[in-house]
Structure formats: C-alpha cells, structure tokens
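User: I'd like to learn how to read the packing and side-chain pairs in a structure. Could you walk me through one?

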Amino acid sequence: MLRAAFTGLMALACTSCGHDLPALPGFDAATWRADSYGCQNRRRQLLPVLEKHRNALYGSRINDITALLGHPDEEELGEQSDKVYIYYVTPGLHCAPGHPRSGSNRMLLRSGATGTITEIILPVIKDK
C-alpha cells in the first residue's frame, strides 16, 4: 500500500513539472515536421516565429515540444538525464544518405532532469 502511494505521488510530481505549451500563432508545425533534417529549407522561414515565442517555450515539457516539432533529427544525452534535441533548419552535409552529423545551422533544445526546456539555441542565418 505504501509503495503504491509513493508511486502515485512520484507520478504526480513528474507530471506537474513544466507547463503546457502555449499556442504559437504563425507557426506551421506541419511544415516543420514535414521538412526532415531541414533539407527542403522550409524550417528556415519558421525560425522568426520561434524566436518571437522563445520565452513561451522555456519550461515547456519535452513531450509537448516533440508533439509540436516532431522527433528530433539528432539527440544527445548529457549528465544527470539532461537531453539535447537537435533540429537542422537548412540543408547541409546532413542531407546526404545516412544523415551524417553536421555542424550546419541547427536549433538546440536542452531539457533538464525534470523533462522541461531549460535552454534554446537558435541559429543566426544570414541572407546571402
């Protein structure tokens, strides 16, 4: 009985961390998700919308971010359950067969041990 109560409290504590992801007016999630690895260069046009709503993304649950943006193109595991989700935003070497790792323009989302977004790094892309 004590074990069931503890498990229930832990589940409640974990689900109460973070906040619901608010609506992001002007962001076309379907277009973002359809542009795998940013190889169609469609994600680039959505970066200004993400930049505009950047503060709303902090503290959001990583599961909500995944539902919005789709599975990351790459994922890194850090110390103590930290995760970094990587989404490429423009074409590059990573568009080659096998999707080799690239340092090309990419967005990084870091989540802490609680599963909430703690850091957002958006690339600065200069128009040619």
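Analyst: Let's go through the core, a loop residue, the salt bridges and the aromatic pairs. This is a predicted model, where local features need pLDDT of at least 70 and side-chain atom pairs count only at pLDDT 80 or more, while totals for chains, interfaces and linings use all residues. Residues are numbered from 1 along each chain as its sequence is written, and side-chain values use heavy atoms, with hydrogens and water left out.

User: Which residues touch the most other members of the largest nonpolar core?

Analyst: General idea: a nonpolar core is a set of buried Ala, Val, Leu, Ile, Met, Phe, Trp, Tyr and Cys residues joined through side-chain atoms within 4.5 Å. Buried means under 20% relative accessible area, exposed means over 50%, and partly exposed is in between (1.4 Å probe, protein chains only). Here the largest core has 21 residues, and Phe27, Trp32, Leu50, Leu69, Met107 and Leu109 touch the most other members. At least two residues each come from α2 (29–34), α3 (47–52), α5 (62–69), β2 (83–88), β3 (106–111) and β4 (117–121). The top contributor is α5, with four residues. Those labels are DSSP runs numbered from the N terminus: helices are H or I with at least four residues, strands are E with at least two.

User: What is Leu69 in contact with?

Analyst: Contact means heavy atoms within 4.5 Å. Skipping neighbours within four places in sequence, Leu69 contacts Phe27, Trp32, Arg33, Tyr87, Met107 and Leu109.

User: Now a loop residue. Is Asp35 buried or exposed?

Analyst: Asp35 is buried, at a relative accessible area of 0%, and sits in the loop between α2 and α3. Beyond residues up to four places away in sequence, Asp35 touches Gln40, Asn41, Arg42 and Arg43.

User: Where are the partners of the Glu76 and Arg101 bridge?

Analyst: Glu76 is in strand β1 and Arg101 in the loop between β2 and β3, 25 residues apart. Their side chains meet at 2.1 Å, N to O. Glu76 is partly exposed at 29%, and Arg101 is partly exposed at 48%.

User: And rings? How many aromatic pairs does the structure hold?

Analyst: Rings of Phe, Tyr and Trp (its six-membered ring) pair if their centres lie within 6.5 Å; planes under 30 degrees apart are stacked, over 60 edge-to-face, and the rest tilted. The structure holds three such pairs. Tyr37 and Tyr88 make a stacked one, 6.2 Å centre to centre with 20° between the planes. Tyr37 is in the loop between α2 and α3 and Tyr88 in strand β2, so the pair ties together parts 51 residues apart in sequence. Both tyrosines, Tyr37 and Tyr88, are buried. Ring pairs also link Phe27, Trp32 and Tyr87 into a cluster.

How values were computed. Salt bridge = Lys/Arg side-chain N within 4 Å of Asp/Glu carboxyl O.
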